[in-house]
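Open the model in your viewer and keep the sequence panel beside it. This tour says what to select at each stop and what is there.

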Amino acid sequence: MADCYPSRRPTSSAAPLATSTTRTALIVVDIQKEFFTDNAQIQDANPDFKDNIIQLLSICRNNEIMVVHVRAVYTADTSKWIPHFQDINPDKTTTTSNVPESFAVEQNDEHVVEKSTFDGFYGTELESILKNANIEQTLICGLVTSACVQATAHSAFARGFRPILVEDCCGDRSPERHEAVLALYGGYMYKLITLKDVEALVSS
C-alpha cells in the first residue's frame with residue numbers, strides 16, 4: 001500500500017486562491033503577549049515574525065479578506081486539560097489572558113474569538129462566524145505552529161474551510177519544531193504559502 005503521508009515537506013507555491021478574496025478569511029491564532037513578547041525563546045526563533053504579521057494584516061485588510069482573531073483564554077474552570085498538561089510540562093504557562101500584541105490588535109468590526117483549548121473551533125463561535133460570512137477558504141497564521149496553529153488548521157480542514165498555512169507568518173519555539181509540523185502536514189492537510197505569495201495572489 002502506498003504511503004498516504006508526504007515523505008518531505010513540499011515547497012510553497014503561489015497557486016491561485018480557490019475562491020475570491022471575499023470568500024477568504026485570515027485566522028490569526030494566539031498572537032498574544034504570553035506567546036511572543038514575554039517568551040524570549042519564541043522571539044529569538046522567529047526574528048521576522050512581527051514584521052511579517054504586520055504586512056499580512058495590512059494586505060488582508062486592504063483586499064477585502066476577512067480577519068478573525070483567535071485568542072487563548074485558559075483557566076482552571078474552562079480548560080479541563082490543564083492538570084494533565086501540567087504533569088507533562090511543568091515549565092509551561094497554562095493560564096492566559098486575552099492580551100494581544102500591539103501589532104495584532106483587532107480593528108473596526110474584526111471578530112475576536114476566545115478559546116479554552118488549542119483548537120480555535122472547539123467550543124467557540126468561529127465556525128458560525130465563517131459560515132455566516134460565506135467563507136470557503138482560510139489563511140492561517142500565528143503561534144505556535146506545533147500546537148494551536150496546527151490544531152486550528154486541522155479543525156478548519158475537518159470542517160471544509162480549505163486551510164492554507166502562511167508559513168513565514170507562523171512561529172514555534174524553534175525552527176526545527178516549525179519545520180517538522182510543515183513536513184508532516186503541509187501538502188497533506190493544508191497548502192503552504194508565504195507572505196510574498198499572498199501579496200502576489202491578491203495583486204493578480
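Start by selecting Glu 64, which is exposed because its relative accessibility is 59% (exposed means over 50% relative accessible area, buried under 20%, partly exposed in between, with a 1.4 Å probe and protein chains only). Glu 64 sits in the loop between α2 and β2 (66–72). Its phi is near 60 degrees, a positive value in a residue other than glycine. Most residues other than glycine have a negative phi, and most peptide bonds are trans.

Before going on, note that this is a predicted model, in which local features need pLDDT of at least 70 and side-chain atom pairs count only at pLDDT 80 or more, while totals for chains, interfaces and linings use all residues. Residues are numbered from 1 along each chain as its sequence is written, and side-chain values use heavy atoms, with hydrogens and water left out.

Next, select Asp 30, in the loop between β1 (24–29) and α1 (40–45). Phi of Asp 30 is also positive, near 55 degrees. Is Asp 30 buried or exposed? Asp 30 counts as buried, because its relative accessibility is 1%.

Now select Leu 143 and Val 144. A cis peptide bond joins them, with omega about -20 degrees. Val 144 belongs to the loop between β4 (137–143) and α5 (145–158).

Then show the whole protein as a cartoon. It has seven helices and six strands (DSSP runs numbered from the N terminus: helices are H or I of at least four residues, strands E of at least two). From the N terminus, the order is β-α-α-β-α-β-α-β-α-β-α-β-α. Of the 204 residues, 49% are buried.

For the last stop, select helix α2 (residues 49–61) and helix α7 (residues 195–203). Their axes come within 10 Å and cross at roughly 15 degrees (axes are lines fitted to C-alpha atoms, for helices over the stretch in contact, and angles run from 0 to 180 degrees between N-to-C directions). The two helices are therefore roughly parallel to each other, a term for angles under 35 degrees.

Show the side chains at the contact (heavy atoms within 4.5 Å). From α2 come Asn 52, Gln 55, Leu 56 and Ile 59, and from α7 come Leu 195, Val 198, Glu 199 and Val 202. Five of these residues are nonpolar, two polar and one charged (Ala, Val, Leu, Ile, Met, Phe, Trp, Tyr, Cys and Pro count as nonpolar, Asp, Glu, Lys and Arg as charged, and the others, Gly among them, as polar).

Key:
Angles under 35 degrees count as roughly parallel, over 145 as roughly antiparallel, 65 to 115 as roughly perpendicular and the rest as oblique.
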